[in-house]
Amino acid sequence: MLTTKSAQEAFRLEVGQLPQASVNLLAPSFDNLPDNPYADGSYRLRRYSRFIFSNDSLKRLPSKAFVQDESINHFQGNVERTYPEIENKTVSDPAFLELFEHFQKMTDIADGCTTEVHQMRIFADHNPVEVAPEGVHQDGFDRIGIYVIQRHNITGGEVSVHTMETSPAMMKHPLNNGEFVVLNDRRFFHYAAPIEPIDGELGYMDAFVLTANFIH
């Protein structure tokens with residue numbers, strides 16, 4: 001039997017697909033994302049909330065500023081960012097709960113651990129736009145999950161996974177509507193390529209990003 005530590009280290013990554021019905025339920029919530037006052041606000045809208053997932057139910061935690069160390073995020077490191085909460089009607093949707101069920105089943109995150117959720121729309125108008133301006137990076141968590149809900153009128157945006165910050169991609173895939181990747185953020189680095197509109201008009205990619213550590 002694996003010890004807790006070896007089980008944590010054994011998990012690598014998984015790729016999967018959400019049911020289309022769930023994608024259809026979640027997609028409209030991205031149309032109501034607010035303006036973003038930070039450095040990436042010209043092309044990336046965001047909501048951010050923290051939850052405890054336990055006994056197949058969600059408990060919303062109090063609002064808290066989001067900050068990453070500069071050693072992890074070279075683009076907006078050491079900047080306290082306060083985003084609006086994910087809307088209650090989204091949180092109460094069974095399709096939103098399904099994200100947490102997938103995330104927990106694929107990893108060894110236990111009941112009661114805090115899971116942070118970013119709801120983002122990255123859009124491109126005429127020119128290519130960086131999805132991950134920090135480059136190949138880690139998020140500073142034990143586990144992360146990237147769930148692309150929809151892509152509209154764009155090319156690019158391939159999500160890649162790397163064994164080291166400077167190593168070639170060991171996996172690269174343009175996550176399509178409802179596709180996701182869950183990975184060990186302590187073991188791997190990740191990146192998302194720039195996106196650009198197909199016909200010169202507005203294009204965008206909508207995604208939920210879930211992050212969690214083993215401690216509560």
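The model is predicted, so local features need pLDDT of at least 70 and side-chain atom pairs count only at pLDDT 80 or more, while totals for chains, interfaces and linings use all residues. Residues are numbered from 1 along each chain as its sequence is written, and side-chain values use heavy atoms, with hydrogens and water left out.

**The sheet and its strands**

- Strands (E, at least two residues) and helices (H or I, at least four) are DSSP runs numbered from the N terminus, and two strands pair if DSSP finds at least two bridges between them.

**Strand β2 and its neighbours**

- Nine of the 11 residues of β2 are buried, so this strand is largely enclosed by the rest of the structure; buried means under 20% relative accessible area, exposed means over 50%, and partly exposed lies in between (1.4 Å probe, protein chains only).
- Strands β2 and β4 run antiparallel and are joined by nine bridges, with Arg 50 standing opposite Glu 116 in β4.
- Strands β2 and β3 also pair in the antiparallel sense, over four bridges, and Ser 57 in β3 is the bridge partner of Ser 54.
- The hairpin of β2 and β3 has two residues between the strands, and in this hairpin Asn 55 takes a positive phi near 55 degrees.

**Aromatic side chains**

- The structure holds seven aromatic pairs, counted when ring centres of Phe, Tyr and Trp (its six-membered ring) lie within 6.5 Å, with planes under 30 degrees apart called stacked, over 60 edge-to-face and the rest tilted.
- The rings of Phe 96 and Phe 100 have their centres 5.3 Å apart and their planes at 65 degrees, so this pair is edge-to-face.
- Phe 96 and Phe 100 are four residues apart in helix α4 (residues 94–106), a separation of about one helical turn, and Phe 96 is buried at a relative accessible area of 0%, as Phe 100 is at 1%.
- Phe 96 also forms an edge-to-face pair with Phe 208, at 5.6 Å centre to centre and 65 degrees between the planes, and this pair links distant parts of the chain, since Phe 208 lies in strand β12 (residues 202–212), 112 residues apart from Phe 96.
- Phe 30, Phe 51, Phe 53, Phe 96, Phe 100 and Phe 208 form one aromatic cluster.

**A buried asparagine**

- Asn 184 belongs to strand β9 (residues 179–184) and, at 3% relative accessibility, counts as buried.
- A polar atom of the Asn 184 side chain lies 3.0 Å from the backbone oxygen of Phe 11, and the Asn 184 side chain reaches the backbone nitrogen of Arg 187 at 3.2 Å.

Note on methods
A polar contact is a pair of N or O atoms within 3.5 Å; within protein, one must be able to donate a hydrogen and the other to accept it, and residues adjacent in sequence count only if both atoms are side-chain atoms.
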